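Hi,

Here is the structure I promised to pass on. Have a look at it first, and then read on for what turned up.

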Amino acid sequence: MFKNIPCTLMRGGTSKGPYFQACDLPSDPVERDRTLLAAMGSPHIRQVDGIGGGDTLTSKAVVVSPSSREDIDIEYLFAQVSVDQSTVDTMPNCGNMLAGVGPFAIENGLVAAQDPVTRLRILNRNTGKIVEAVVQTPGGVVTYEGDTRIDGVPGTGAPIVLNFLDAAGAKTGQLFPTGQRIDRVDGIEVTCIDFASPLVFVAAEALGKTGYETKQELDADTALKARLEAIRIEIALRAGLGDVRQSVLPKIALVAAPGRGGTIASRYFTPWSCHSAFAVTGALCLAAAASIAGTVPARYARRSADDPDLIGIEHPAGGLDIRMGEAPDSTPEAPRFAVAGLVRTARPLFVGVVHVPVGQIHQAA
């Protein structure tokens, strides 16, 4: 017997996965997570019996719901569904999947469209933070066609502007969760910053790397990944995140001086493999860290004298630009960013129902 659940499979930025309305999923978090696992076909390395793509970037889900708050148009919960384990992690956020939330909400009648664009205030339930999304809706209809290109995605699409508002301390409550801008782990200097999501930065050269390696080269380097994981686990303890061996947060990334005219080069880990491009939340963290003196990324950043607020990140698939907006009360000792913005694209891949085996939803934990 199957339960037929309405969903829209969408590409959001450089990720993709199913978008659900909360009313179509079980309200109990345990049953909800079992439903997502069954829908995606986890645990199985290829997710052959579900709609997952067999990769962390394509094993993601979004749950959208109306908001009772007057200042919020829509709420969403992001879920990272494990490919090969029976786990669903709702600790992290995903800025790429966020790109599809506005269009999904409008297309499903949860938010009324305006002309020529629709501005939505979106509450991310994972972090409690607010994001403003600007969706192209000429004539009150969502359009996905346009000339905007983002590296890591073929073709072009309509621009979706995402402005992250007051994103500092999204998970830990502090911009620098360990209380300092530089920590040392086994003699290696690192920076842990929480801006939209917590992330640990390590200089590539400190681990014998250039920072320009391909994803394939880094994924094959088991010794490097073991060192990164040891650093991540230790910094998480210092940041008050506890034992994170089974959690994807904090993420970790290598940084280096730019080589293609950007502000900084980086390789982001998800955290156990290298991202084929760069996560939006990770990019926000890096842009914030690169803008603050005394951090590891700031040492390697080459900010433009003409436009220092624009941070261009060089990643394996190309580049990603983040525009940082410093708050009026920001100081070198206590930096604050009122907004951090970027442009993504998104589009629906199919609209229909996913058939979920009822037995997998109600099975014993």
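This is a predicted model: local features need pLDDT of at least 70, side-chain atom pairs count only at pLDDT 80 or more; totals for chains, interfaces and linings use all residues.

The volume of the largest pocket is about 640 Å³. It is lined by 34 residues, and T56, Q80, S82, V248 and W272 are the closest to its centre. Sorted by class, the lining has 15 polar, 13 nonpolar and 6 charged residues. Two strands, β4 (74-81) and β5 (88-89), each supply at least two lining residues; β4 gives the most, with 3 residues.

Now to the aromatic rings, where the count comes to 3 pairs. One of them joins F195 and F337 edge-to-face, with 5.7 Å centre to centre and 80° between the planes. This pair links distant parts of the chain, 142 residues apart: F195 sits in the loop between β10 (188-194) and β11 (198-203), and F337 belongs to strand β16 (residues 337-344). F195 is buried, at a relative accessible area of 1%, and F337 counts as buried too, at 7% relative accessibility.

Another pair is Y268 with F278: the ring centres are 5.1 Å apart and the planes are at 45°, so this pair is tilted. Here the partners are 10 residues apart, with Y268 in strand β13 (residues 264-269) and F278 in the loop between β13 and α6 (280-290). Both Y268 and F278 are buried.

Definitions and conventions. Residues are numbered from 1 along each chain as its sequence is written. Side-chain values use heavy atoms; hydrogens and water are left out. Rings of Phe, Tyr and Trp (its six-membered ring) pair if their centres lie within 6.5 Å; planes under 30 degrees apart count as stacked, over 60 as edge-to-face and the rest as tilted. Helices (H or I, at least four residues) and strands (E, at least two) are DSSP runs, numbered from the N terminus. Buried means under 20% relative accessible area, exposed over 50%, partly exposed in between (1.4 Å probe, protein chains only). On a 1 Å grid over the protein atoms alone, a cavity is a set of points where a 1.4 Å probe fits but cannot get out, and a pocket is an open set with protein on both sides within 12 Å along at least five of seven lines; lining residues have an atom within 4 Å of a point. Grid points are joined across faces, edges and corners, and a volume is the space filled by probe spheres set on the points. Ala, Val, Leu, Ile, Met, Phe, Trp, Tyr, Cys and Pro count as nonpolar, Asp, Glu, Lys and Arg as charged, and the others, Gly among them, as polar.
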